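Hi everyone, thanks for coming.

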Amino acid sequence: MEMATVRHRPEALELLETQSKFTKKELQILYRGFKNECPSGVVNEETFKEIYSQFFPQGDSTTYAHFLFNAFDTDHNGSVSFEDFVMGLSILLRGTVQEKLKWAFNLYDINKDGYITKEEMLDIMKAIYDMMGKCTYPVLKEDAPRQHVETFFQKMDKNKDGVVTIDEFIESCQKDENIMRSMQLFENVI
């Protein structure tokens with residue numbers, strides 16, 4: 001007997017095609033992969049963490065995956081639907097620099113209050129270092145995440161009030177050649 005499970009059906013692909021920067025064919029490929037990993041049509045946080053951990057077997061990606069999950073779960077209902085996934089991916093892969101930076105800011109603004117604090121940035125940095133594992137070369141010192149945060153705030157916190165606003169974040173990122181170059185890295189993927 002087949003189990004009666006509630007399945008989430010995505011909105012018409014035509015609608016997603018107009019809302020995202022993907023073609024219908026790309027959406028079909030993405031949907032097939034999504035359904036393969038998540039037959040119910042939605043991903044809860046635990047499943048998201050399991051899937052994400054496969055990309056970083058050398059480290060512990062659970063904390064970073066938690067932050068990433070919250071950034072994809074835009075309506076904060078505890079699950080990521082195919083639409084949520086596609087809209088996030090659309091921005092990350094095909095969005096304008098402005099859209100990508102807003103998405104990144106939202107990821108770093110853990111409590112979603114419109115500011116990135118040193119504590120939030122330190123949580124993100126620790127999560128990234130945990131995810132990269134002990135395989136980094138050269139071996140990182142214990143205080144590397146904190147140093148990274150200090151550098152980030154020296155560069156980003158223009159008015160020195162201890163928080164980074166979205167305007168400060170976008171302005172600083174747009175002036176940084178390395179950040180701007182990395183924004184173009186994943187264009188045309190898929």
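Let me begin with one term: a salt bridge here is a side-chain nitrogen of Lys or Arg within 4 Å of a carboxyl oxygen of Asp or Glu. A search of the whole structure with that rule turns up 8 salt bridges. Before we visit some of them, please keep in mind that this is a predicted model, where local features need pLDDT of at least 70 and side-chain atom pairs count only at pLDDT 80 or more, while totals for chains, interfaces and linings use all residues. Residues are numbered from 1 along each chain as its sequence is written, and side-chain values use heavy atoms, with hydrogens and water left out.

Now the overall layout. The protein has 10 helices and 4 strands; helices (H or I, at least four residues) and strands (E, at least two) are DSSP runs, numbered from the N terminus. Reading from the N terminus, the order is α-α-β-α-α-β-α-α-β-α-α-β-α-α. Of the 190 residues, 41% count as buried. For that word, buried means under 20% relative accessible area, exposed means over 50%, and partly exposed is in between, using a 1.4 Å probe and protein chains only. I will also talk about contact, meaning heavy atoms within 4.5 Å. Among contacts between residues at least 6 apart in sequence, 60% join residues at least 24 apart.

Let's go to helix α2, residues 24-37. This helix has 14 residues and spans 20 Å from its first C-alpha to its last, close to the 20 Å expected at 1.5 Å a residue; the expected span is 1.5 Å times one less than the number of residues. Which residues of α2 are buried? They are Glu26, Leu27, Leu30, Tyr31, Phe34 and Lys35. These residues sit on the same side of α2, because they cover an arc of only 160° around the axis, the arc being that of the directions from the helix axis to the C-beta atoms. As background, an α-helix has 3.6 residues a turn, so residues three or four places apart point the same way. On the other side of α2, Lys25, Arg32 and Asn36 are exposed. And what do the buried residues of α2 pack against? Their partners are α1 (13-19), β1 (42-44), β2 (79-81) and α5 (82-94).

Glutamate 26 pairs with arginine 94, with the closest N and O atoms 2.9 Å apart. This pair links distant parts of the chain, arginine 94 in helix α5 and glutamate 26 in helix α2, 68 residues apart. Glutamate 26 is buried at 15% relative accessible area, and arginine 94 is partly exposed at 21%.

Next, glutamate 99 and lysine 21 meet in a salt bridge at 2.8 Å, N to O. Glutamate 99 is in helix α6 and lysine 21 in the loop between α1 and α2, so the pair ties together parts that are 78 residues apart in sequence. Glutamate 99 is partly exposed at 29% relative accessible area, and lysine 21 is partly exposed too, at 38%.

Lysine 49 is buried at 18% relative accessible area, and glutamate 45 is buried at 18%. Salt bridges that share partners join Glu45, Glu46 and Lys49 into one network.

While we are looking at α5, find methionine 87 in that helix. Methionine 87 is partly exposed, at 29% relative accessible area. Leaving aside neighbours within four places in sequence, methionine 87 is in contact with Leu16, Gln19 and Ser20.

Aspartate 109 is buried yet has no salt bridge, and the nearest side chain of opposite charge, lysine 112, is 6.1 Å away; Lys and Arg count as positive, Asp and Glu as negative, and His and the chain ends are not counted. So what does the side chain of aspartate 109 reach? One backbone nitrogen, that of aspartate 113, is 3.2 Å away, and the backbone nitrogen of glycine 114 lies 2.7 Å from a polar atom of this side chain.

Key
A polar contact is a pair of N or O atoms within 3.5 Å; within protein, one must be able to donate a hydrogen and the other to accept it, and residues adjacent in sequence count only if both atoms are side-chain atoms.
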